[in-house]
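User: I would like to learn how to read helix packing, strand pairing and backbone angles in a model. Could you take me through them one at a time?

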Amino acid sequence: MSGIDPFILRRLPDWLAFRRDLHRHPELGFTEYRTISKLAQRLRPLGYTLRLGPDAISREAIIGAPPASAIEAAKAQALASGALVEDVERMPDGTTALIAELRRSEGPIVAMRFDVDALALNEDSSDMHRPRRLGFASAAPGLMHACGHDGHATIGLAIAEFAAQNDTSWSGTLRLIFQPAEEGGRGARAMVEAGAVDGVDLFVALHLGCDLPSREIACAAKSMMFSAKWDVVFRGTAAHAAGNPENGRNALLAGAQAVTALYALPRHGCLATHVNVGRFQGGTARNVIADRAELEIELRGEAAAALDHMERRARWTLDGIAAAHGCELVVTEMGRTIGAETSPPAASLIRAVAEALPDIERVHDDWPLGGGDDAAFFMHRVQDQGGLAAYLILGSDLAAGHHAINFDFEEADIGIGVRLMAGVLAAATNGGFSFSDERRRTA
Ligand SMILES: [Zn+2]
């Protein structure tokens with residue numbers, strides 16, 4: 001592994017500047033115009049072949065896209081802050097996905113997934129918060145990189161540079177997948193449908209943090225949650241609240257009963273489940289029977305059977321409440337995650353690479369992810385094709401938990417992530433690793 005340190009040491013300051021720039025300009029799922037263009041601008045000169053927009057993500061398979069007005073506003077914002085017109089034009093309708101590929105020789109295809117979206121959150125404005133203190137806190141009110149995806153995108157860029165400019169120890173093809181809309185479980189499935197991981201021999205996704213300290217890594221994520229995200233709408237009939245309420249059909253009352261009924265759903269006997277109603281809105285005025293109520297809900301389970309249990313009962317409950325109030329019910333799926341298991345040979349490969357790196361002090365077989373990640377859709381597709389898939393966790397000391405307003409991670413861990421992923425690329429492709437046992441390619 002000699003020769004790695006000088007390049008990383010030399011490039012790290014620029015990578016951290018890139019990360020801070022992304023942190024300052026967070027973008028929500030399917031509006032990552034600036035982020036993707038900034039990546040594309042850096043990847044092109046390195047010799048990567050780029051697939052952008054509908055070439056990288058299936059328009060038809062996108063679920064949970066923001067309204068067209070939000071997409072147009074994000075485009076304008078991106079163009080005003082450094083995105084290229086030609087990049088933005090290649091990503092219509094929120095198709096903000098990028099696949100960068102570098103083919104060096106015949107040989108295995110190694111794919112790495114980096115999610116790039118931010119969250120709807122107001123970043124901490126106190127001086128205790130390092131991004132604020134150092135001047136790179138979010139410049140977009142209500143938006144924040146609070147899960148470390150700015151770090152993921154930066155690691156992806158850094159790997160791209162490292163593989164193209166410095167590392168002669170790998171062969172085959174490196175495919176870097178920059179995924180929109182991981183939050184809410186929306187982007188990956190649509191990228192799978194566009195063939196993002198077709199032909200891949202080894203797929204690796206990574207996540208920073210997850211309560212694993214700096215200088216520790218886990219070769220696999222355990223208990224990746226199954227989840228379903230629904231928008232629920234009750235449609236009723238408006239009427240005068242005192243004059244003739246009997247003519248109304250009260251959608252707000254139906255919604256209110258739905259909130260409490262969902263939290264009270266009978267649970268699975270042996271599998272963990274979660275339910276959350278994160279948004280509830282209804283009605284128009286004090287003296288009007290409300291004709292509309294909207295809920296954003298999320299159901300989770302630790303296994304497919306657990307989520308299935310929750311989805312079925314949630315649906316029965318919502319149907320019953322709608323019927324009781326004479327309201328129409330519309331349920332729209334806005335996102336979904338599934339579980340996935342890291343392929344054992346891939347975990348062994350990661351362990352061998354990590355154990356040889358002096359910066360990594362402890363290697364865990366697995367570690368709880370603490371949520372879901374739609375990277376599982378990539379993993380399943382790769383494994384179904386006979387390839388290997390892994391989800392590794394890169395430890396990082398966090399200022400606060402994921403999705404908190406004062407979330408921040410240890411930036412030096414970006415260097416460790418680059419070194420680890422570059423090591424995995426080399427070890428998987430330099431001829432010493434056998435994919436053969438696991439490979440049953442089905443064309
Ligand atoms: Zn995340």
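Predicted model: local features only at pLDDT ≥ 70, side-chain atom pairs only at ≥ 80, totals over all residues.

User: At what angle do helix H2 and helix H6 pack?

Analyst: Two packed helices are described by the angle between their axes and the distance between the axes. Here helix H2 (residues 33–43) and helix H6 (residues 149–165) pack at about 10°, and their axes are 10 Å apart. Helices here are DSSP runs of H or I with at least four residues, strands are runs of E with at least two, and both are numbered from the N terminus. Axes are lines fitted to C-alpha atoms, for helices over the stretch in contact, with angles running from 0 to 180 degrees between N-to-C directions. H2 and H6 are therefore roughly parallel (under 35 degrees; over 145 is roughly antiparallel, 65 to 115 roughly perpendicular, and the rest oblique).

User: Which residues of H2 and H6 make the contact?

Analyst: H2 contributes Thr35, Leu39, Arg42 and Leu43, and H6 contributes Ala153, Leu157 and Ala160, where contact requires C-beta atoms, placed from the backbone, to lie within 7 Å. By class, five of these residues are nonpolar, one is polar and one is charged (Ala, Val, Leu, Ile, Met, Phe, Trp, Tyr, Cys and Pro count as nonpolar, Asp, Glu, Lys and Arg as charged, and the others, Gly among them, as polar).

User: Is H12 mostly covered or uncovered, and how many of its residues are buried?

Analyst: H12 is mostly covered, with 17 of its 17 residues buried (20 or more other C-beta atoms within 10 Å of the residue's own; 12 or fewer is exposed, in between is partly exposed, and C-beta atoms are placed from the backbone). After H12 comes Gly431, with a positive phi near 100°.

User: In what order do the four strands of the open sheet lie?

Analyst: Strands of a sheet pair through backbone hydrogen bonds, either parallel or antiparallel. In this open sheet the order is S11-S12-S10-S13 and the pairing is antiparallel, two strands being paired if DSSP finds at least two bridges between them. Strand S11 (273–282) and strand S13 (328–337) stand at the edges with a single partner strand each, so one side of each has no neighbour in the sheet. Neighbouring strands are turned by 15° against each other on average, direction ignored. Helix H9 (residues 304–324) packs on the sheet, touching S10, S11, S12 and S13, and its direction makes about 160° with that of S12.

User: Where does Phe30 lie, and where is Ala181 found?

Analyst: Phe30 lies in the loop between helix H1 (4–24) and H2, and has a positive phi of about 70° although it is not a glycine. With 27 C-beta neighbours inside 10 Å, Phe30 counts as buried. Ala181 is found in the loop between strand S6 (173–179) and helix H7 (187–193); Ala181 is likewise not a glycine, yet has a positive phi of about 50°. Ala181 counts as buried, with 31 C-beta neighbours inside 10 Å.

Notes:
Residues numbered from 1 in each chain as written. Contact = placed C-beta atoms within 7 Å.
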